[in-house]
Protein chains: 4
Amino acid sequence: MRGHLTGGGARGDVRGGGVHHGNRHGRSEQARQAVLDAADNLLVERGFAGVTIEGIAARAGVAKQTIYRWWPSKVDVLMDAFIEDMAQELTPAEHGDLGADLRVHLGKLADFLTQSDSGAVFRALAGQAQHDPDLAARLRTDYLGRQRDRDRLPLLRAVERGELSPDLDVDAAVDQLVGPIYYRVLVTGDPVPPAFTDQLVHQFLTLHAH
Amino acid sequence: MRGHLTGGGARGDVRGGGVHHGNRHGRSEQARQAVLDAADNLLVERGFAGVTIEGIAARAGVAKQTIYRWWPSKVDVLMDAFIEDMAQELTPAEHGDLGADLRVHLGKLADFLTQSDSGAVFRALAGQAQHDPDLAARLRTDYLGRQRDRDRLPLLRAVERGELSPDLDVDAAVDQLVGPIYYRVLVTGDPVPPAFTDQLVHQFLTLHAH
Amino acid sequence: MRGHLTGGGARGDVRGGGVHHGNRHGRSEQARQAVLDAADNLLVERGFAGVTIEGIAARAGVAKQTIYRWWPSKVDVLMDAFIEDMAQELTPAEHGDLGADLRVHLGKLADFLTQSDSGAVFRALAGQAQHDPDLAARLRTDYLGRQRDRDRLPLLRAVERGELSPDLDVDAAVDQLVGPIYYRVLVTGDPVPPAFTDQLVHQFLTLHAH
Amino acid sequence: MRGHLTGGGARGDVRGGGVHHGNRHGRSEQARQAVLDAADNLLVERGFAGVTIEGIAARAGVAKQTIYRWWPSKVDVLMDAFIEDMAQELTPAEHGDLGADLRVHLGKLADFLTQSDSGAVFRALAGQAQHDPDLAARLRTDYLGRQRDRDRLPLLRAVERGELSPDLDVDAAVDQLVGPIYYRVLVTGDPVPPAFTDQLVHQFLTLHAH
DNA sequence: TGGTAAACGAGACGGTACGTCCCGTCTTAGA
DNA sequence: TCTAAGACGGGACGTACCGTCTCGTTTACCA
């Protein structure tokens with residue numbers, strides 16, 4: 001799944017096979033993909049400052065104007081690349097057991113943030129968002145909000161199963177579970193091993209599980 | 001008021017009183033201060049991207065070379081301005097009671113991060129650090145390390161007083177106490193009211209206090 | 001008469017009234033006219049550099065491709081507009097008297113070059129022709145050659161009437177009569193009043209008339 | 001020595017030998033010369049449209065900003081290059097005989113306009129001046145006015161010697177002598193051989209010499 | 001009378017050059 | 001010896017047009 005920006009495949013569709021080059025009835029999917037790939041690669045290879053519109057255009061074999069036509073700035077390109085890359089949705093699996101659910105989910109989250117290319121893009125975007133309120137808003141809408149929904153899922157299911165009290169402040173619980181992970185990733189730069197996430201889960205269960 | 005960080009006149013001294021413009025006897029304190037003020041103001045007024053060496057120089061009435069002579073880059077200027085401004089050291093007071101110590105300290109930390117000008121500078125630097133490993137390292141050395149030391153203080157004192165077990169993993173405890181705060185500040189952008197920090201403390205005490 | 005590019009009304013004809021939009025049997029006269037008008041207006045309003053294919057297309061309500069389909073470049077559009085506008089052919093009248101013929105003809109030529117809109121287009125084209133040999137060649141073929149033929153007419157008639165010697169170098173004579181006029185128009189920018197052209201005629205007659 | 005445009009060697013001077021790179025007390029003569037040379041060469045090699053600020057900068061090994069700092073546009077660069085190149089001032093020699101003076105002078109003028117590199121630059125500038133009133137004005141001030149003064153010199157000397165009447169309209173005479181030459185150069189594109197200029201002189205003498 | 005082919009509007013595309021901003025380096029004259 | 005001033009080579013910015021290329025529609029002719 002990709003391209004909520006494409007305006008719904010309707011526009012970007014290539015009807016009869018055969019690559020098209022863009023016209024009034026739709027943009028070039030080929031160019032779009034080349035731009036996102038180039039941006040991604042540049043970020044990984046050269047860091048955030050190494051991502052420039054000119055560099056993306058050159059590497060993607062695309063005209064600068066084509067980038068400006070569809071994205072307001074380089075962070076928007078990276079944002080799209082990020083959304084695009086987040087194929088694996090980090091949706092928590094269900095094991096019928098809160099402890100297992102949380103341990104697996106937080107471990108995956110930590111890996112995503114610290115090990116994956118997408119995680120690198122996220123860290124760059126989160127950094128930029130500190131001095132770019134618009135990006136901050138969009139990041140929250142397009143990623144963090146959805147991610148938080150996924151983070152809450154194991155807890156809600158446990159409430160339904162009766163493992164957790166219906167009175168639990170779910171939002172606060174999420175803050176306490178994932179907060180320390182993001183803190184290590186964005187602030188201290190310490191690694192986030194399973195031991196760390198498992199301990200978070202352990203203490204959470206100690207406090208809240210029957 | 002500023003400049004407890006000047007290194008104790010040693011560097012910036014002006015011997016005979018009277019403003020000087022820099023000479024064989026040392027750098028101009030006047031120029032140094034003007035640069036830091038200008039950087040600070042520009043950050044507040046125009047955001048991180050609005051802070052440029054040329055802009056600082058123009059506003060400070062200083063030559064670019066003077067900036068390059070003393071600071072390697074604009075983030076170093078901001079770093080100095082940040083350290084300079086951090087007058088209140090966020091050193092936790094001692095009330096002889098862990099709960100009180102933690103509640104007051106986390107509340108102050110939250111206020112610092114979300115309300116103060118220095119906090120704004122910190123957020124900008126933390127953002128930049130996501131794509132600037134040198135800055136990240138320096139930020140950890142010059143601020144975060146010291147801040148973490150201060151964050152541990154209440155816990156260490158409680159251990160000494162016997163309020164906490166000597167087996168406590170202090171680092172993990174700090175992560176769980178301040179992590180959610182930084183998470184809100186840097187990631188979700190949610191406010192961090194006393195209710196939030198107080199709850200963090202409450203749950204920590206539930207888990208660890210005798 | 002207009003439009004050697006139209007290939008003779010044969011192609012462009014719209015038989016039964018009613019606007020058409022072009023089809024396999026002919027181009028749209030409407031579009032052609034809109035393009036020439038737009039080019040003309042843009043030249044007068046914004047100067048040569050202000051005439052762009054995109055600008056013409058936008059103002060004419062025509063697609064760029066329609067322009068490129070029929071004209072190789074913007075100077076060709078202007079060339080057509082120029083030819084189109086040159087309704088009055090500057091054909092010298094015959095008064096049976098060389099002096100009168102020349103005075104009237106040179107006066108008209110001067111007025112055309114300095115006062116008329118067509119003259120402005122000509123000056124622009126002549127300017128461009130200095131760095132565009134193709135345009136220069138075409139300007140000579142389509143305008144200057146014909147104009148020179150007209151310029152020679154009074155002299156040839158005077159030779160026939162016996163007012164001028166059959167040995168006269170007619171080309172050199174034309175150079176000397178119109179050269180100073182174009183010199184003022186294109187080089188010095190001085191006005192070209194009747195007194196100036198009359199003096200040219202007077203001196204020419206002094207030298208060559210019996 | 002060159003460069004009346006340098007603002008008088010005062011600014012551009014390099015005092016103690018040793019190339020300098022420009023500073024508050026003067027611009028870089030080295031850069032200035034490289035720009036003018038590059039512009040000149042590009043014009044000759046690739047024509048007027050082939051002269052671009054980027055091209056000049058690249059060939060001269062100079063930053064675009066350095067060009068924009070000192071010249072408003074590419075035609076100003078070419079103008080300077082033209083003035084610079086016009087080392088040979090086309091000042092008419094004095095033979096004590098009007099016929100000889102004029103024949104030699106007009107022959108040199110024709111050669112300059114049709115054969116020399118500077119002549120090519122002049123034609124390009126004259127062309128551009130047709131759609132650039134500012135350039136037209138500057139061309140008249142900095143070149144044509146001075147050239148006309150030189151063109152008048154043989155006539156004024158002949159008046160003093162008594163070869164021509166003091167009542168002669170010198171300006172009109174110049175128009176008639178050089179007008180046909182510029183006409184051929186800028187309008188018809190015909191060559192301007194000595195036979196042509198000699199005939200101009202012959203007819204002028206027939207009319208005006210005692 | 002319906003198929004079809006040319007011309008049309010629209011506009012996306014890969015490009016080039018524009019003129020501007022800021023970078024970090026350098027050279028100077030004055031205090 | 002430090003400063004203010006500012007010219008320099010460089011790189012990226014965002015914009016304007018270039019000339020080419022589909023698209024889907026309109027329209028007149030001919031089968």
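## Polar contacts between chains A and B

Across the interface of chain A and chain B there are 13 residue pairs in polar contact, both residues of each pair being at pLDDT 80 or more; a polar contact is a pair of N or O atoms within 3.5 Å, where within protein one atom must be able to donate a hydrogen and the other to accept it, and where residues adjacent in sequence count only if both atoms are side-chain atoms. This is a predicted model, in which local features need pLDDT of at least 70 and side-chain atom pairs count only at pLDDT 80 or more, while totals for chains, interfaces and linings use all residues. Residues are numbered from 1 along each chain as its sequence is written, chains are lettered from A and ligands numbered from 1 in the order in which they are written, and side-chain values use heavy atoms, with hydrogens and water left out.

Across the interface of chain A and chain B there are also two salt bridges, a salt bridge being a side-chain nitrogen of Lys or Arg within 4 Å of a carboxyl oxygen of Asp or Glu. The side chains of R184(A) and D175(B) meet in a salt bridge, with 2.8 Å from N to O.

## What chain A brings to the interface

On the side of chain A that touches chain B, the helices α6 (117–129), α7 (133–161), α8 (170–188) and α9 (194–208) of chain A each supply at least two residues; helices (H or I, at least four residues) and strands (E, at least two) are DSSP runs, numbered from the N terminus. The most comes from α8(A), which gives 13 residues to this side. By class, the side of chain A that touches chain B holds 14 nonpolar, 12 polar and five charged residues, where Ala, Val, Leu, Ile, Met, Phe, Trp, Tyr, Cys and Pro count as nonpolar, Asp, Glu, Lys and Arg as charged, and the others, Gly among them, as polar.

The contact (heavy atoms within 4.5 Å) takes 31 residues from chain A and 31 residues from chain B. Between them, chain A and chain B bury about 2,900 Å², of which 59% is on carbon and sulfur atoms; buried area is the accessible area (1.4 Å probe) that two parts lose on being put together, summed over both. Of the area that chain A buries against chain B, Q130(A), H131(A) and Y183(A) supply 22%, more than any other three residues.

## How the copies are arranged

## Fold and burial of chain A

The secondary structure of chain A consists of nine helices and zero strands. Of the 210 residues in chain A, 51% are buried, where buried means under 20% relative accessible area, exposed over 50%, and partly exposed in between (1.4 Å probe, protein chains only). Among the contacts in chain A with a separation of 6 or more, 61% are between residues 24 or more positions apart.

## Salt bridges within the chains

Side chains of opposite charge can pair when their charged atoms come close. Over all chains, the count comes to 60 salt bridges. In chain A, R32(A) forms a salt bridge with E29(A), the closest N and O atoms being 3.3 Å apart. These two residues are three residues apart in helix α1 (residues 29–46) of chain A, so R32(A) and E29(A) are separated by about one helical turn. R32(A) counts as buried at 2% relative accessibility, whereas E29(A), at 23%, counts as partly exposed.

In chain B, the side chains of R32(B) and E84(B) meet in a salt bridge at 2.9 Å from N to O. Because R32(B) lies in helix α1 (residues 29–46) of chain B and E84(B) in helix α4 (residues 74–85) of chain B, the pair ties together parts that are 52 residues apart in sequence. R32(B) counts as buried at 5% relative accessibility, and E84(B) counts as buried at 3%.
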